[in-house]
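The sequence and structure are shown first.

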Amino acid sequence: MGEPINVTVTGAAGQIGYALLFRIASGQLLGADKKVKLRLLEIPAATKAAEGVALELQDGAFPALAGVDVFDNPKAAFDGTNVALLVGARPRTKGMERGDLLEANGGIFKPQGEAINAGAAADIKVLVVGNPANTNALIAQQHAPDVPADRFTAMTRLDHNRALAQLAGKLGVSVEELKKVTIWGNHSATQYPDVSHALVNGKSVAAAINDQAWLADEFIPRVAKRGAEIIEVRGASSAASAASAAIDHVYTWVNGTAEGDWTSAGVISDGSYGVAEGIISSFPVTAKDGQFSIVQGLEIDDFSRTRIDASVAELVEEREAVRKLGLI
Ligand SMILES: NC(=O)c1ccc[n+]([C@@H]2O[C@H](COP(=O)([O-])OP(=O)(O)OC[C@H]3O[C@@H](n4cnc5c(N)ncnc54)[C@H](O)[C@@H]3O)[C@@H](O)[C@H]2O)c1
Ligand SMILES: O=C(O)C[C@H](O)C(=O)O
């Protein structure tokens, strides 16, 4: 199995943490052939609860789990870490948009970025889940100048999975029959779930659905507002599905995308598709040898252009807002 891989999870005593940690311990984050050492970071008021989770992890007797440590200090928690899952942040409640959390949560990601810069392993990979995920990832990245910028990613895999599930339901197929679905932009209601390149068993999804009104007026808002729907129906923000998407994101990053397919992830923009350089935006990405690459050369029609531009404009505004708050 080789040396254990250090995985730091922030917000370890929270809802997502509880759903996530046991899946990591069972080997689903990186592959069952790799041992993991968990490093749980919490605020001081919640370290006791995190210690309780650590006891339960021990009780799972997971062969892939090489150890669990609990920290209340980011410098210690990120020291030598290979994979960092930045989950710890306040979730929104009914009636809020994720952007409303910028002021409440943004401050968490500056010291964490600095701690990653100071002590993480050279191969560090960071996934930001805490909302607003894209801009929080940007804040962390901006405070880690010695870490390659492409190691900071934000989670839009949950949106991607939601899109797959909605399309599979509409078409009466299994999710594995779908390929090349894309989420563009922000993990917010402005995101653009795009099926214009998507395939079902090798044929165009748009042609198979043959209903532009359903795509524009039902599918897109359903996916983009699913987080709010979960909060409304469940009474709390999504947790197990978010944990599942975090597992998928990192597993794909490390183990690669399948030939002829791609996934969606918030990655630093190099200006591809006219997306403002330097923001963390969701793109269609492939993964190979532990690296995400933005899929190049896709045709963007007028409908897609308008939607991508709207979400990117929101991300640029969020960047301005955190500049004004002195967070970057
Ligand atoms: N990107 C996505 O798709 C997605 C999906 C679901 C939820 N989320 C977001 O994930 C975040 C966590 O959600 P949750 O339901 O687990 O919330 P939660 O309130 O149950 O847990 C959050 C935990 O983070 C801890 N925390 C707060 N500040 C911290 C810090 N500075 N360092 C370490 N830990 C800290 C809290 O003590 C708490 O235990 C929220 O911001 C939520 O909106 C994102
Ligand atoms: O919507 C939220 O606030 C939680 C999360 O980002 C989600 O998409 O479920």
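In which sense do β12 and strand β13 (residues 280–288) pair, and over how many bridges? β12 and β13 pair in the antiparallel sense, over six bridges; two strands count as paired if DSSP finds at least two bridges between them. Helices (H or I, at least four residues) and strands (E, at least two) are DSSP runs, numbered from the N terminus.

The model is predicted: local features need pLDDT of at least 70, side-chain atom pairs count only at pLDDT 80 or more, and totals for chains, interfaces and linings use all residues. Residues are numbered from 1 along each chain as its sequence is written, while chains are lettered from A and ligands numbered from 1 in the order in which they are written.

Strand β12 (residues 263–268) is mostly covered, six of its six residues being buried. Here a residue is buried if 20 or more other C-beta atoms lie within 10 Å of its own, exposed if 12 or fewer, and partly exposed in between, with C-beta atoms placed from the backbone.

Val267 is also one of the contacts of Ile294, a residue of strand β14 (residues 291–294). Ile294 is buried, because 21 other C-beta atoms lie within 10 Å. Apart from neighbours within four places in sequence, Ile294 is in contact with Val267, Asp270, Ser272, Phe283 and Val285; two residues are in contact if their C-beta atoms, placed from the backbone, lie within 7 Å. Between Ile294 and Phe283, eleven residues apart along the chain, the C-alpha separation is 6.4 Å.

**Domains and their contact**

The protein chain is divided into domain 1 (5–154) and domain 2 (157–318), with bounds that come from an automatic or database domain assignment. Their C-alpha centres lie 23 Å apart. The contact takes 34 residues from domain 1 and 30 residues from domain 2. On the side of domain 1 that touches domain 2, the elements giving two or more residues are α1, β4 (83–86), β5 (125–128), α5 (133–142) and β6 (152–154). The most comes from α5, with six residues. By class, this side of domain 1 has 18 nonpolar, nine polar and seven charged residues. In this classification Ala, Val, Leu, Ile, Met, Phe, Trp, Tyr, Cys and Pro count as nonpolar, Asp, Glu, Lys and Arg as charged, and the others, Gly among them, as polar.

Toward β4, β5 runs parallel and is joined by four bridges, with Leu127 as the bridge partner of Leu85. The chain passes from β4 through helix α4 (residues 102–119) to β5 in a right-handed β-α-β crossover. A crossover is right-handed if, with the strands pointing away from the viewer, the path from the first strand over the helix to the second runs clockwise.

β5 and β6 also run parallel, joined by three bridges, and Phe152 in β6 is the bridge partner of Val126. From β5 the chain crosses through α5 to β6, again in a right-handed β-α-β crossover.

**Ligand surroundings**

A residue is counted around a ligand if its C-beta atom, placed from the backbone, lies within 6 Å of it. The classes of residues in the two shells are tabulated below.

| Shell | Nonpolar | Polar | Charged |
|---|---|---|---|
| Ligand 1 | 15 residues | eleven residues | three residues |

Of the 29 residues around ligand 1, Gly11, Gly14, Ile16, Gly88 and Ala242 come nearest. Helix α1 (residues 15–25) supplies the largest share of this shell, three residues. Both domain 1 and domain 2 give residues to the shell, so ligand 1 lies between them.

Around ligand 2 are Pro91, Arg92, Arg98, Asn131, Leu158, Gly227, Ala228, Ile230, Ser237 and Ser238. Helix α9 (residues 226–234) gives the most to this shell, with three residues. At least three residues of the ligand 2 shell are drawn from each of domain 1 and domain 2.

**A three-stranded sheet**

Three strands form an open, antiparallel sheet in the order β7-β10-β11. β7 (178–179) and β11 (203–204) stand at the edges, each with a single partner strand, so one side of each is left without a neighbour in the sheet. Strand β10 (residues 199–200) is joined to β11 by two bridges, and Leu199 stands opposite Ser204 in β11.
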